[in-house]
Amino acid sequence: MNSLVLEGSPKTPSINFDGEKGAFLIEGRSIPENSLDFYKPVMEWLDSYVNEPQEETKVSIRLEYFNTSSSKCILDIFKKLETIFKRGKRVIINWHYEVDDEDMLEAGEDYQSIVKIPFNMVEEDE
């Protein structure tokens, strides 16, 4: 399966989903003008990946900030990954946050309480 790579900008995160390795990265800020438009190719790519996932899918989320409309799109990504997890494949989500960023830690914990995939909360120095 091919990869999905979207370059980041000041308003959009960089996306690097490697279908062959099952290694996914979302990094940066997510405050696009229209979150649905920005995340549409991501969702379409994930629809294909869900049909033929790797035995293990490792997801790293390294967001500095995201807006409300992005939070719904991120939840939709996790729900697609949850489908893979429920089929017995391994899905690992590493939620990265900076030491003093309580909001980002809480956001990760909120997602973890909604989807039935184990999260690793990864605290990082600034």
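Asn94 sits in strand E5, which covers residues 90–98; strands (E, at least two residues) and helices (H or I, at least four) are DSSP runs, numbered from the N terminus. The model is a predicted one, in which local features need pLDDT of at least 70 and side-chain atom pairs count only at pLDDT 80 or more, while totals for chains, interfaces and linings use all residues. Residues are numbered from 1 along each chain as its sequence is written, and side-chain values use heavy atoms, with hydrogens and water left out.

With a relative accessible area of 10%, Asn94 is buried. Buried here means under 20% relative accessible area, exposed means over 50%, and partly exposed is what lies in between (1.4 Å probe, protein chains only). Setting aside neighbours within four places in sequence, Asn94 is in contact with Lys58, Val59, Ser60 and Ile61, and also with Asn120 and Val122. A contact is counted when heavy atoms come within 4.5 Å.

Strand E5 also holds Tyr97. Tyr97 counts as buried because its relative accessibility is 10%. Beyond residues up to four places away in sequence, Tyr97 touches Met104 and Leu105, plus a run made up of Met121, Val122, Glu123 and Glu124.

Leu105 belongs to helix H3, residues 102–114. Leu105 is buried too, at a relative accessible area of 15%. Apart from neighbours within four places in sequence, Leu105 is in contact with Trp95, Tyr97 and Met121. Phe85 is another story: Leu105 and Phe85 are 20 residues apart along the chain, and their C-alpha atoms are separated by 23 Å.

Then there is Asp18, in strand E2 (residues 14–18). Its relative accessible area is 19%, so Asp18 is buried. Not counting residues up to four places away in sequence, Asp18 touches Ser3, Ala23 and Phe24. The C-alpha atoms of Asp18 and Ser3 are 4.6 Å apart, although 15 residues separate the pair in sequence.

Now for the whole chain. The protein has three helices and six strands, and from the N terminus on the elements run β-β-β-α-β-α-β-α-β. The radius of gyration is 14 Å, close to the 14 Å that the globule rule gives for 126 residues, so the protein is as compact as a globular protein of that length. That radius is taken over C-alpha atoms, and the rule is 2.2 Å times the number of residues to the power 0.38. Along the principal axes, the C-alpha atoms fill a box of roughly 35 × 30 × 25 Å.

Of the 126 residues, 44% count as buried. Among contacts with a separation of 6 or more, 68% come from residues 24 or more positions apart.

As for annotation, an unreviewed UniProt entry lists residues 7–123 as "domain: SiaC family regulatory phosphoprotein". UniProt positions follow the numbering used here, feature names are shortened, and annotations may be inferred rather than shown by experiment. Over residues 7–123 the chain is 42% helix and 32% strand, with the end C-alpha atoms 25 Å apart.
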